[in-house]
Amino acid sequence: MTTAAVPQHLQRAEGILRPGNTNCAGCGMSIGLQWLEQALEGERPTLCIPACCGIVTAGSFPTSAYGVPTVATTFASVAAVASGVATVYALNHEPKLTVCWAGDGGTYDIGIATISAAAERNEDILYVCYDNEIYGNTGGQRSSATPLGVKTSTTSTGKAEPKKDIMAIMAAHRVPYAATLSLAHRDDFVRKVRTARKMKGFRFLLMLSPCPTGWKSEPEESIDLILTAVRCGLFPLYEVFEGRRYRINVRPDGTPLENYISRQKRYRADLVDLELLKAGINAQWAYLEAMARTFPAEEPE
Amino acid sequence: MARTLETGNHSAGYALAVAGEANRFGRGAICGAYPITPQTEIVEFLCDFQFTKGRVIPVESEHSAMAVCIGGSLAGARAFTASSANGLAYMNENVFAAGYYRLPIVMVGVNRTLGPPWNIWTDQGDTLSLRDAAWIQFYTESHQELVDTILVAFRVAEDRRVLLPALVAEDGFVVSHTQMIVDLPEQELVDRYLSPLDLPHRLGTKGLTLGGMTFPHETEKHRREIQEAMERVPQVLVEAIDEFEKVFGRRPHGLLSAEYTEDAEMVLVACNTMVRTLRRVVQRRRKQGQKVGLIKVKVFRPFPRAEMVRAIGSAKRVGVLDRNHSPGSGGIFWGEIAASLRQRPDVLLQDYLVGLGGGDVTPELIDEIFDDLAARQVAEEPIWKEVPA
């Protein structure tokens with residue numbers, strides 16, 4: 001493809017994600033990768049990606065939709081492979097950034113021991129989990145990131161258990177930085193990536209990533225769904241420093257939860273207990289507000 | 001260091017460490033370390049070693065130990081680790097990944113019986129279960145051979161004509177936890193023997209995805225390239241041994257060693273420390289005028305089929321001592337040797353399953369096997385030679 005053939009709005013320098021990748025329309029990961037690229041201002045990280053949609057994104061050999069050096073790791077190994085890569089960069093005094101880009105299956109489930117160990121060792125890694133709350137690549141099975149009541153191909157009567165709180169798990173490792181990313185709050189997203197970039201050690205970013213295929217939602221509504229998830233309080237935007245100091249970035253504005261779930265067919269009225277979901281959201285906010293009040297972050301925003 | 005009294009595991013740890021240290025002029029050394037009996041002292045030794053440019057990462061599992069080696073190797077470092085039995089089984093996925101990524105990682109496999117039921121003694125079934133993982137496999141009979149083979153393994157694995165990982169096996173406890181006089185070569189000599197690693201496909205600045213998706217025809221090409229690299233190992237190994245002799249003044253074994261086979265009518269095949277016992281029995285029987293010989297298999301992958309046929313020569317009776325068991329088949333070495341002898345229907349090939357779960361393979365047991373082989377009219381299914389309780 002010549003440069004002239006690329007529409008103006010798609011033209012950009014050789015970055016992280018090239019045009020012509022295999023992602024579905026409305027995939028949150030595609031936007032996340034572009035914002036990551038913008039936040040890093042031309043810096044070219046090394047990507048370590050386990051089995052997930054994120055590695056299918058690359059396309060098939062010898063083409064690659066990634067414009068930066070990328071390793072396709074085994075499913076559970078991304079944080080360990082990245083530990084090796086980052087270590088050798090450090091041994092050679094190369095100030096390169098090593099990024100893990102992984103889905104919720106590779107983060108919450110099969111990779112959790114590896115991630116826990118890399119976090120405990122405080123490896124110099126920027127870990128981004130794009131969380132679509134499902135095994136999207138295999139056609140939509142439940143993961144421990146799937147919310148309560150959601151219908152998946154392995155939870156036909158709705159998931160019986162609430163979503164795992166991965167942020168609390170990472171905070172409990174006392175990693176230098178853990179934060180949530182919204183695809184509807186670009187400035188906040190970019191600032192958090194840059195905050196993380198300036199730090200050393202294990203940094204964890206959690207991005208709620210719409211998956212129209214798995215969520216049974218309209219692709220053009222993806223960003224608005226995330227905006228609604230933040231506004232109704234379902235997906236809190238906050239930062240945790242050293243696992244102890246909390247800062248809330250955006251608070252709920254009273255938007256009804258129904259505005260979020262009614263637009264996704266994975267939430268079925270007969271399987272979802274709205275009151276239980278709302279109780280979970282309220283409990284989460286009570287906890288976050290208490291932490292932010294008692295242990296406020298001193299770091300500048 | 002030079003000649004010293006040392007355990008097998010500390011000898012292996014030393015060899016891995018000095019090989020890693022030799023890459024201080026390159027991109028350094030890396031090791032993912034995780035303990036398991038009877039390998040633990042190797043990673044303990046490595047954790048204590050003061051690398052000029054290297055890091056040992058104590059990880060949470062064998063699976064991650066190999067993953068660290070993969071990441072470190074991809075970034076250009078000399079990578080190594082060690083494991084045993086269920087550790088190797090847990091590591092399995094990434095063992096295959098290392099082979100398929102074509103990374104010259106060296107791993108010491110301290111042979112131990114796979115469980116359950118739990119048994120910590122030697123049995124080659126653990127490392128042999130990795131035979132299809134695109135790794136070169138060496139089997140060693142002594143502390144000195146272990147040390148020398150580790151250094152040779154790096155040289156072969158890193159050769160541009162090969163670029164495959166290598167596993168060096170030693171018997172758990174029989175070697176790992178016993179002491180022998182061993183020559184541990186000085187760093188300066190190892191520096192001369194192992195030049196800095198220059199991995200052609202290491203992570204650079206280009207936008208390439210390593211290990212991404214391929215379609216069948218590319219996958220087939222990839223597998224054939226691995227096969228061709230395996231086929232180049234014998235030549236590269238000879239060169240590595242020649243160079244080893246020049247630098248260190250002694251000559252390690254090659255693919256296999258045929259001993260007392262020239263006029264032998266009957267030959268037994270073995271690997272690891274079983275070879276040492278077998279050698280004594282053969283020497284005794286030779287003194288008694290019996291035409292018996294032995295073949296020591298040093299390299300299991302690539303399997304030296306042509307060399308095996310040559311080594312068997314005119315012998316008409318061949319017995320295999322298999323300290324491993326592939327359920328539903330038999331001994332794994334036997335299967336390979338049978339494939340090697342497919343054009344030699346005149347050879348009577350009998351498999352003996354011996355020393356499973358670490359049972360002693362005694363001179364008496366080997367005598368029984370020689371007697372059985374000598375009296376045998378036809379070959380049977382693999383014979384279980386169990387140790388007395």
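Helix α9 (residues 274–287) of chain B lies across β10, β11, β12 and β14 (317–322) of chain B, and runs at about 165° to β12(B). Such angles lie between N-to-C directions, from 0 to 180 degrees, and the axes are lines fitted to C-alpha atoms, for helices over the stretch in contact. Two residues are in contact if their C-beta atoms, placed from the backbone, lie within 7 Å. Helices (H or I, at least four residues) and strands (E, at least two) are DSSP runs, numbered from the N terminus. The model is predicted: local features need pLDDT of at least 70, side-chain atom pairs count only at pLDDT 80 or more, and totals for chains, interfaces and linings use all residues. Residues are numbered from 1 along each chain as its sequence is written, while chains are lettered from A and ligands numbered from 1 in the order in which they are written.

Helix α10 (residues 305–312) of chain B also lies across β10, β11, β12 and β14 of chain B, at about 5° to β10(B). These strands belong to an open sheet of 6 strands in chain B, with the order β10-β12-β11-β14-β15-β16 and mixed pairing. Strands of a sheet pair through backbone hydrogen bonds, either parallel or antiparallel; here, two strands pair if DSSP finds at least two bridges between them. Within chain B, β11 (residues 266–270) and β12 (residues 292–297) are parallel and share 5 bridges. Lys296(B) in β12(B) is the bridge partner of Ala270(B).

Chain A contains 11 helices and 8 strands. Its C-alpha trace spans about 55 × 45 × 35 Å along the principal axes. The radius of gyration of chain A, taken over C-alpha atoms, is 19 Å, which agrees with the value near 19 Å for a compact globule of 301 residues; the globule rule is 2.2 Å times the number of residues to the power 0.38.

The two chains meet where 40 residues of chain B are in contact with 34 residues of chain A. On the chain B side, α3(B) gives the largest share, 9 residues. A parallel pairing over 2 bridges joins strand β2 (residues 70–72) of chain A to β9(B), and Thr70(A) stands opposite Thr209(B) in β9(B).
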